[in-house]
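Here's a quick briefing to read with the model open beside you.

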Amino acid sequence: MFKKSLIATAVVGALSASAVAQAATVYDQDGTKVDIYGRINYMVTSGGKQDLSPGKAKTNGSEFQNNGSRFGFRANHELNSDLSAFARMEFRFNADEVNRDAMQVRNSFLGLKSQQLGTLTIGNFDSVYKEAVTGVFDNYENDGWVTHDSGSTSSRGDTVAYATPVFSGLQGHLQVKHISGNDATVGAQDNSSTTSTAAAVTYSWEDLYLAAGYNQSKDVSDRGASYPSGGGGNNAAGEDIWGISAQYKFLPNFSARVIYEELGSVNEGASASAKKEIVGLGATFNYGQGNLYADVYDVSYVGDDVSSSNPWAIGVDYRFSPMRIYAEVYDEDASGKNIDDSLLYTVGIRYDF
């Protein structure tokens, strides 16, 4: 989702407490409030990277697609003047054609929030590293966001997170994902359970936002413990993701952002085309009825075949609440044998409720 303002509140706590566009309250009694929210989102795409190797399927033709349509419930109960319990359930479905596939369970969690003690969140949610560091570049309805962690790395399931109270704009965030060794053959290898951690520090002051974070992205491929098949896994290229980002609102309708990410170590057998370092620069301009947004990156890779590339993306939306239309262009700047890299064009329409 496009971010319209600087992040200035608890990162994980904001998952439960922030307003969802056009959400409707379906229950509000005795201190308990339940909202329902969602979106229908369609897009038409054309172009993009195409593998020309023999036998590869066509991927760059025009296509009408569902684009993350979903609905969910958000609940909050005030235990006292400072402490509240919250929960969220969210489901994603295919809305562009008749289908009988089961819905995907998206971010669903529960927790406790206190202004004095902080926020504890348990369950399935985006990583605190993404929410704090890389989320300022999460601007696109379709492709265009280049990162080591778009939210699923060592998160989205079996996870516990804590966010401290905000002290003069400063806030800390810590999470631990449990990785079970159950279902592995006993004695075949080390199948004891383990964990993967992530942490971040954020600072907000007036129109300035700063963040620094770490995601362990633990590789467990050499042991019996494994990430759940439906939950977030590690970054396949390596462990120890480090990142810093900043965003500044220069004018009421114009902000700019910058980010740096790197892998601390590369996994054995990682693809030579895997990303090693990412530097990004972007800006957003609000023209009144919508936003114009653009980002450009410098990417270095694990192997020497491609020394670096410069992906870029630009998009614009027009909003007539609760609906918006959007158009985006993305250049992955991919290279390699039998690769046809053309611009990816996206136009779409979205209705929030």
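E206 sits in the loop between β11 (194–205) and β12. This is a predicted model, and in it E206 has a positive phi of about 50° although it isn't a glycine. With a relative accessible area of 65%, E206 is exposed, since the cut-off for that label is over 50%.

- You'll find S217 in the loop between β12 and β13.
- Is S217 buried or exposed? Its relative accessibility is 0%, so S217 counts as buried.
- There's a cis peptide bond to look at as well: it joins S321 and P322, with omega at about 5°.
- P322 belongs to the loop between β18 (312–320) and β19.

**Strand pairing around β13**

- Strand β12 (residues 208–215) runs antiparallel to strand β13 (residues 238–251), and eight bridges join them.
- To see that pairing up close, go to G213, whose bridge partner in β13 is G243.
- On to the next pairing: β13 and strand β14 (residues 254–266) are antiparallel too, joined by twelve bridges.
- W242 stands opposite E262 in β14.
- How many residues lie between β13 and β14 in their hairpin? The hairpin has two residues between the strands.

**Strand pairing around β20**

- Strand β2 (residues 32–51) and strand β20 (residues 339–352) run antiparallel, with twelve bridges between them.
- A handy spot to check here is S46, which stands opposite Y345 in β20.
- β20 is also joined to strand β19 (residues 323–331), again antiparallel, by eight bridges.
- In that pairing, I325 has I349 of β20 as its bridge partner.

**Aromatic rings**

- How many aromatic pairs does a search of the whole structure find? The count is twelve.
- One of them is F71 with F73, an edge-to-face pair at 6.1 Å centre to centre with 85° between the planes.
- F73 counts as partly exposed, at 30% relative accessibility.
- The F86–F109 pair links distant parts of the chain, as F86 is in strand β5 (residues 83–92) and F109 is in strand β7 (residues 108–114), 23 residues apart.
- Both F86 and F109 are buried.
- Ring pairs also tie F71, F73, F91 and F93 into a cluster.
- Separately, there's a charge over a ring: R257 lies over the face of F137, 5.5 Å from the ring centre.

**A look at M89**

- M89 is in strand β5.
- Its relative accessible area is 44%, so M89 is partly exposed.
- Which residues does M89 touch, leaving aside neighbours within four places in sequence? M89 is in contact with Y37, F71, G72, F73, N107 and S108.
- M89 and A23 are 66 residues apart in sequence, and their C-alpha atoms are 14 Å apart in space.

**The whole protein**

- The secondary structure comes to two helices and 20 strands.
- The radius of gyration is 21 Å, close to the 20 Å that the globule rule gives for 353 residues, so the protein is as compact as a globular protein of that length.
- Along its principal axes, the C-alpha trace spans about 65 × 60 × 45 Å.
- Of the 353 residues, 43% are buried.
- Among contacts with a separation of 6 or more, 59% are between residues 24 or more positions apart.
- The protein exposes about 17,400 Å², and carbon and sulfur atoms supply 54% of that area.

Notes: Residues are numbered from 1 along each chain as its sequence is written. This is a predicted model: local features need pLDDT of at least 70, side-chain atom pairs count only at pLDDT 80 or more; totals for chains, interfaces and linings use all residues. Side-chain values use heavy atoms; hydrogens and water are left out. Rings of Phe, Tyr and Trp (its six-membered ring) pair if their centres lie within 6.5 Å; planes under 30 degrees apart count as stacked, over 60 as edge-to-face and the rest as tilted. Buried means under 20% relative accessible area, exposed over 50%, partly exposed in between (1.4 Å probe, protein chains only). Helices (H or I, at least four residues) and strands (E, at least two) are DSSP runs, numbered from the N terminus. A charge sits over a ring if NZ of Lys or CZ of Arg is within 6 Å of the ring centre and within 35 degrees of the ring normal. Two strands pair if DSSP finds at least two bridges between them. The radius of gyration is taken over C-alpha atoms; the globule rule is 2.2 Å times the number of residues to the power 0.38. Contact means heavy atoms within 4.5 Å. Accessible areas come from the Shrake-Rupley method with a 1.4 Å probe; for residues, only the protein chains shown count as cover.
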